[in-house]
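Notes from going through one structure, entry by entry. I wrote down what I looked up and what I found.

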Amino acid sequence: MNIVVCIKQVPDTNDVKIDPQTNTLIRSGVPSIINPFDENAIEEGLRIKEKLGGTVTVVSMGPPQVESCLRDALSLGVDDVILVTDRAFAGADTLATSYTLGKTIEKYVSNCDLIIFGKQAIDGDTAQVGPGVAEYLGIPQMIYVTKVEEITPEKIVVKRELEEGYEIVESKLPAAITVLKGINTVRFPSLKGKMKAKSATIKIVTAKDIEADENRIGLKGSPTWVSKIFTPPVKGNRQIIKDEDGSGVKAIISKLKELQVI
Amino acid sequence: MSKQILILKDKCKGCNLCVKACSFGAISVVEKIAVIDAAKCSYCGACEPACKFKAIEIKVDDIDRSSFSAYKGLWVYGENRDGVLAEVVYELVGEGRKLADKLKVELSVVIIGDKTQNLADDLFSYGVDNVYYIENKLLKDYDTNSYTKILEEAIEAHKPEIVLFGATSEGRSVAPRLAARVKTGLTADCTALDITADGDLAQTRPAFGGNIMATILCRTRPQLSTVRPHVMQKAAKLAKKGKKIELKSTIVEKDVVTKVLEFIKETRENVNLTESDIIIGAGRGVGSEENLKLIHQLAEKLGGVVGASRACVDAGWIDHFHQVGQTGKTVHPKIYIACGISGAIQHLAGMSSSDIIIAINKDADAPIFNVADLGIVGDVFTIIPALLKSL
């Protein structure tokens, strides 16, 4: 079983603070981490490999600094990593990113059976790249997977989360899935893994390497663009009271009455 | 879209004002001159007016609109299960009607499934002009490939300028697949929509956990968006007649590539964290699994469900299914009562768009109070039992 896991480097929101004056994010000095959902994607890939044999290849698109995340992935025990980086990729939206990752997988891991993505990246929250890559490669997709029920070299059965419950879905392989946090518990890197990761050479792939159509990558290949960024208005009618002699309960009761809950 | 951002070196004083204005951390000052990191810049334009020395210039190529006139009308994706439309469809119809009126175009709903014919009359009564439908037993369960194929063929044949999807498990699966297939733009999880002076769809969505809002435009047609449920107002009833149009499709069995073996409807407790009108959120301050019973009781009394911060889930007090926040669910109930939740940015990301937030916390400086409509500085274990008694 040849498995590809696509990951994204994101700012660590545990370290992001909000500037109380301007109500904006203080981003300076914020370290970068593997997107939390993608850690579970790597873990699931490793677990399937341990069961069925094969390889796990981690692919990531981004600036050269993404290398550190790929080394982290290596320390967890993945077999191979590919860094897809080029100035020409800058400004890519989800469509251009999907094309770029799809092209990379097609060229370098063409025999892959399963592609795993995290549900979404915590900095963009779009959840669009997984389905976009699956479309480029023309393979089935199942999103919001909470459990891989069964996997054989030919097919996969997953449990996916819906608004009103779950659904058990079967698909032939190759296929792509996106996974939720609850799917597994992520392992810690081993000492051996860390040593290996430190000395590994990271494979770097550029727009030229993947023979990308320059009209489909980066800003040029991105139909969507940000026209405006603004801070959401702060709530107008905030009422903060100190609970004394049941004043808190009274305030909640009157609020709930006002809202016609009780 | 070809965009360019220029720093005019003779005008730049290296004052750092643009660095502060940038939400993306894309500007730094090197040797008293601002430098843009192209990999981080989103060309949003926030820095341009912030510069007092007019040293920043953003050049935007005009969008090529020549092909746009072929696309007309606003579509809503009619997500349904077993012949019942999802709630979000009525919200999209409500919002879609307003946008369609602004554009002076027709509003249509496209319905794919095995029991779709009878849904049309209901939709007409909510102000829908056309219902495009396909009814086929192969389409009983959602399958990304076949559903995408039908939508692709329908778009090719009828050319809508906008298609809105609910940002649900199904909408967020089919919309990106479709966008990639027809090679157009898609904006995820919008919370506000409008039409610009140029007739483009202005799609506003929260970014970075709702701390900033971004308005996104699309330079291709059709323009696709997924829209967060419970944000738009449900359509009003109108006495109206519409047109039913059957979609022609070449769909055959082999187009259906995933097979639903089983559908498991969750019991009330677990379900609908994302659909619930009232959520009682439990945080680290609740202290233990035992104490969480109080929260469950309160939820039961108020007809709500229990949500939890990551701290609660990590401590093993409650299942991950209940987690609200960046790595859990995004919720938008009418009322969110945060109990012993400090309000870490990751949690706020999942619940700050709730209509009314009531927070109870011992710490008067807890960030949760910044988003609360009513904040009670006090002890959860005094307040909740007293509250339960008075309900």
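**Entry 1. A glutamate in chain A.** I looked up E50(A) and found it exposed, at 54% relative accessibility. For this I take buried as under 20% relative accessible area, exposed as over 50% and partly exposed as in between, with a 1.4 Å probe and protein chains only. The model is predicted, so local features need pLDDT of at least 70 and side-chain atom pairs count only at pLDDT 80 or more, while totals for chains, interfaces and linings use all residues. Residues are numbered from 1 along each chain as its sequence is written, chains are lettered from A and ligands numbered from 1 in the order in which they are written, and side-chain values use heavy atoms, leaving out hydrogens and water.

I then asked which side chain E50(A) meets in a salt bridge. The partner is R187(A), at 2.8 Å from N to O. A salt bridge here is a side-chain nitrogen of Lys or Arg within 4 Å of a carboxyl oxygen of Asp or Glu. This pair links distant parts of the chain, 137 residues apart: E50(A) sits in helix 1 of chain A, and R187(A) in the loop between strand 12 (175-179) and helix 5 (191-199) of chain A. Helices (H or I, at least four residues) and strands (E, at least two) are DSSP runs numbered from the N terminus. R187(A) is partly exposed, with a relative accessible area of 26%.

**Entry 2. The rest of that network.** I followed the salt bridges onward and found E43(A), R47(A), E50(A) and R187(A) linked in a network. E43(A) and R47(A) form a salt bridge with their closest N and O atoms 2.7 Å apart. Both lie in helix 1 (residues 36-52) of chain A, 4 residues apart, which is about one turn of the helix. E43(A) is buried at 3% relative accessible area, whereas R47(A) is partly exposed at 35%.

**Entry 3. A salt bridge in chain B.** I looked up D314(B) and found a salt bridge to R310(B), with the closest N and O atoms 3.2 Å apart. The two are 4 residues apart in helix 8 (residues 310-314) of chain B, so about one helical turn separates them. D314(B) counts as exposed at 55% relative accessibility, and R310(B) as partly exposed at 40%. Over all chains, I noted 35 salt bridges in the whole structure.

**Entry 4. Where chain B meets chain A.** How many residues does each chain bring to the contact? Chain B gives 90 and chain A gives 82, with contact meaning heavy atoms within 4.5 Å. The buried area between the chains is about 7,900 Å², and carbon and sulfur atoms give 60% of it. Buried area is the accessible area (1.4 Å probe) that two parts lose on being put together, summed over both. S169(B), R177(B) and F208(B) supply 8% of the area that chain B buries against chain A, more than any other three residues.

I counted 5 salt bridges between chain B and chain A. Strand 17 (residues 258-265) of chain B gives the largest share of the side of chain B that touches chain A, with 8 residues. By class, that side has 46 nonpolar, 28 polar and 16 charged residues. I class Ala, Val, Leu, Ile, Met, Phe, Trp, Tyr, Cys and Pro as nonpolar, Asp, Glu, Lys and Arg as charged, and the others, Gly among them, as polar.

I also looked for strand pairing across the two chains. Strand 15 (residues 239-242) of chain A runs parallel to strand 22 (residues 374-377) of chain B, joined by 4 bridges; two strands pair if DSSP finds at least two bridges between them. K242(A) has V377(B) as its bridge partner there.

**Entry 5. A strand inside chain B.** Is strand 21 (residues 356-361) of chain B enclosed or open? I found 6 of its 6 residues buried, so the strand is largely enclosed by the rest of the structure. I356(B), I358(B) and I360(B) point one way, and I357(B), A359(B) and N361(B) the other. In a regular strand the side chains alternate between the two faces of the sheet. Strand 20 (residues 335-339) of chain B runs parallel to strand 21, with 5 bridges joining them. Y336(B) stands opposite I357(B).

**Entry 6. Chain B overall.** I logged 11 helices and 22 strands for chain B. Of its 391 residues, 59% count as buried. The C-alpha atoms fill a box of roughly 65 × 65 × 40 Å along the principal axes.
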